[in-house]
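Hi,

Here is the structure we talked about handing over. Have a look at it first, and then read on for what turned up in it.

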Amino acid sequence: MISNSGIDPFYSEVSIRLKIDNRTEDEDILQNISNVITYLWDPIIKEFPEIRLNSFYRCEKLNKAVGGKSDSKHLLGQAIDISDYRLSILLDWVKSNLIYDELIVYPTYIHISYDINKIPKSDIKINEIPL
């Protein structure tokens with residue numbers, strides 16, 4: 001599944017390096033991925049065409065390999081981690097233009113999730129743990 005903007009939600013440099021098959025055929029996860037692409041990724045990439053996608057869907061094995069939380073929304077295909085050299089501008093734009101259920105700000109990237117069952121919550125959390 002690749003969106004019109006060319007994103008591959010299963011791509012991961014870590015999964016390639018560790019030879020982890022990061023694909024899924026779970027219909028619920030595929031629907032979640034489609035929602036994230038439609039409601040988060042596509043609007044973001046239209047506004048910020050040079051943005052970097054750091055993480056999207058993660059299978060359990062990949063999530064463990066990258067030190068992800070056991071309840072990570074990446075496991076459900078509901079979250080993306082993105083970075084841009086204009087992080088504060090990106091953050092302001094996301095807060096003003098998108099509907100999401102969780103927004104976590106890390107020092108070098110933003111984690112955004114879209115769970116259709118929790119929209120709109122739009123909580124912002126600032127992670128103060130350096131990565």
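D101 counts as buried, because its relative accessibility is 2% (buried means under 20% relative accessible area, exposed over 50%, and partly exposed in between, with a 1.4 Å probe and protein chains only). Before you go further, please keep in mind that this is a predicted model, in which local features need pLDDT of at least 70 and side-chain atom pairs count only at pLDDT 80 or more, while totals for chains, interfaces and linings use all residues. Residues are numbered from 1 along each chain as its sequence is written, and side-chain values use heavy atoms, with hydrogens and water left out.

You will find D101 in the loop between α4 (87–97) and β3 (102–105); helices (H or I, at least four residues) and strands (E, at least two) are DSSP runs, numbered from the N terminus. Its side chain makes a polar contact with the side chain of K73 at 2.3 Å. The side chain of D101 also reaches the backbone nitrogen of Y114, at 3.3 Å. A polar contact here is a pair of N or O atoms within 3.5 Å; within protein, one must be able to donate a hydrogen and the other to accept it, and residues adjacent in sequence count only if both atoms are side-chain atoms.

**Y114 and the aromatic pairs**

Y114 sits in the loop between β4 and β5. Which residues does Y114 contact, leaving aside its neighbours within four places in sequence? They are N35, V36, Y39, L40, Q78, I99, D101 and I119, where contact means heavy atoms within 4.5 Å.

Because Y39 lies in helix α2 (residues 27–47) and Y114 in the loop between β4 and β5 (123–126), the pair ties together parts that are 75 residues apart in sequence. The C-alpha atoms of Y114 and Y39 are separated by 7.7 Å. Y39 is partly exposed, with a relative accessible area of 40%, whereas Y114 counts as buried at 8% relative accessibility.

Y106 and Y109 form a stacked aromatic pair too, at 4.5 Å centre to centre and with 15° between the planes. Both of these tyrosines, Y106 and Y109, are buried.

Is β2 (residues 79–83) mostly covered or mostly open? It is mostly covered, with 5 of its 5 residues buried. A79, D81 and S83 point one way from β2, I80 and I82 point the other way, and all are buried. In a regular strand the side chains alternate between the two faces of the sheet.

β2 has strand β1 (residues 52–55) as an antiparallel partner, joined to it by 3 bridges, and L53 stands opposite I82. Strand β4 (residues 110–113) also runs antiparallel to β2, with 4 bridges between them; here H111 is the bridge partner of D81. Two strands pair if DSSP finds at least two bridges between them.

**Helix α4**

The buried residues L87, L90, L91, W93 and V94 belong to α4. Seen down the axis of α4, its buried residues fall within an arc of 165°, so they line one face of the helix; the arc is that of the directions from the helix axis to the C-beta atoms. The face turned away from that buried side carries S88 and S96, which are exposed. Among the elements covering the buried residues of α4 are α2, β2, β3 and β4.

**The whole chain**

The secondary structure comes to 4 helices and 5 strands, in the order α-α-β-α-β-α-β-β-β from the N terminus on. Of the 131 residues in the protein, 47% are buried. Among contacts between residues at least 6 apart in sequence, 55% join residues at least 24 apart.

Phi of K19 is near 60°, a positive value in a residue other than glycine. K19 counts as exposed, at 74% relative accessibility.

Best wishes

Note on methods: Phe/Tyr/Trp six-rings, centres within 6.5 Å; stacked < 30°, edge-to-face > 60°.
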